[in-house]
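Hi everyone, thanks for coming. Let's walk through one structure together, starting with its pockets.

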Amino acid sequence: MTGRLKALLALTLTLALATALTPTANAAKGMEIAVQDDPVLFQGLYSTPQVGIALAEKLHASRIRVNVVWSYVVGKTSKKKKKPKKVKYNWSGYDLLIANAAPSGIKVQLVLTGPAPAWATGNHRVGPDRPKAAYFKQFASQAAKHFKGRVDRYSIWNEPNHRAWIAPMKSSAKLYRALYIAGYSAIKRADRSAQVLIGETSPFALGKGRNATAPLKFLRGVTCANKRYKRAKSCGTLKTDGYAHHPYDFDHKPTYKYPGKDNVTIGVLSRLTSALSKLRKAKLLTSTSGGVPDVYLTEYGFFSSGKRKISESKKAKYLVQAFTIAQKNSRVKQMLHYLLLQPPRGRFRFFDTSIANQRGTPTKAF
């Protein structure tokens with residue numbers, strides 16, 4: 001190959017790469033890439049947090065999401081049926097995660113969630129049954145005070161539209177509204193600059209709505225809206241710094257139009273953004289500044305093992321497609337891949353959306 005031909009080829013490749021990397025006019029500028037892997041990054045169960053953080057760095061992740069489990073941080077008192085006069089909180093594991101992530105320039109965002117301690121549930125058992133907003137407010141307040149200056153973003157609860165996280169289903173929207181209002185006010189009072197996200201919803205109805213409520217139906221319940229997104233009853237306007245959602249669809253390619261107008265997977269994100277615009281117009285849900293809330297996609301992935309496993313080649317292709325869909329949507333501010341390292345066989349392997357093996361070696365999907 002002549003020197004002139006080499007130079008021409010190099011120029012062509014450079015121009016092609018520049019074109020590929022140039023964002024479209026509607027792309028989400030500066031969309032955050034985030035990761036979550038609590039067993040590794042927080043607990044260090046089958047690998048070290050340092051291995052997970054190194055993988056996060058390779059992905060150019062700027063955020064790590066972690067669940068702050070209410071019953072866990074109150075320790076042994078979680079089993080008491082009567083609330084102790086003084087509740088002690090153990091934040092040490094989260095402090096360590098924040099310290100581990102800081103040298104890499106990665107921020108940590110916290111999901112304040114259940115299971116709730118026995119003294120804060122309706123049936124006085126550790127779990128999801130009718131969590132009490134007044135006690136949750138105290139939990140959220142203590143978290144925001146402790147992490148002020150080190151954590152700038154919180155979410156209220158994880159997948160509240162799923163019965164494993166809030167029960168009973170028929171009351172979940174009302175219960176969640178109370179939890180959100182309590183958590184939002186507590187965090188903002190302790191740290192006005194901190195962001196508070198609403199939602200963290202799972203993507204679709206399960207068991208004909210018996211196991212999980214479709215996210216948009218749930219959202220209407222939380223905001224007191226009817227099917228046309230108009231005010232259904234007297235409720236105050238909710239404010240938020242963003243709507244968090246998990247747009248999983250394990251069985252189809254990312255462009256698949258998942259059926260059911262109240263379900264929201266990665267291929268039908270417009271259903272969510274449209275709903276948020278309508279709720280803003282109806283003055284039922286607004287951003288803290290008064291606009292339409294932005295969207296944070298805080299869990300996503302495909303299975304690497306089990307009955308719903310797909311090939312590494314297909315998984316690699318689908319993940320790129322999904323992240324591209326998110327980036328092209330100007331309303332999406334974050335896209336998060338859930339799980340980094342493959343869990344060992346046993347109680348963790350039931351949900352394996354990993355993109356690296358247990359030694360930390362990236363797979364093709366990574």
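First, a term: on a 1 Å grid over the protein atoms alone, a pocket is an open set of points where a 1.4 Å probe fits, with protein on both sides within 12 Å along at least five of seven lines, and lining residues have an atom within 4 Å of a point. A volume is the space filled by probe spheres set on the points, which are joined across faces, edges and corners. This is a predicted model, where local features need pLDDT of at least 70, side-chain atom pairs count only at pLDDT 80 or more, and totals for chains, interfaces and linings use all residues. Residues are numbered from 1 along each chain as its sequence is written, and side-chain values use heavy atoms, leaving out hydrogens and water.

So, the largest pocket: its volume is about 1100 Å³. It is lined by 36 residues, with Asn158, Trp165, Tyr338, Phe350 and Phe351 nearest its centre.

The second largest pocket has about 350 Å³. Among its 15 lining residues, Ile33, Leu59, Leu319, Val320 and Phe323 lie nearest the centre.

Now to Arg63. Is Arg63 buried or exposed? It is buried (under 20% relative accessible area, 1.4 Å probe, protein chains only), at 5%. Its side chain makes a polar contact with that of Asp152 at 2.8 Å; such a contact is a pair of N or O atoms within 3.5 Å, and within protein one must be able to donate a hydrogen and the other to accept it, while residues adjacent in sequence count only if both atoms are side-chain atoms. The C-alpha atoms of Arg63 and Gln334 are 9.0 Å apart, though 271 residues separate them along the chain.

Note on methods
Buried means under 20% relative accessible area, exposed over 50%, partly exposed in between (1.4 Å probe, protein chains only).
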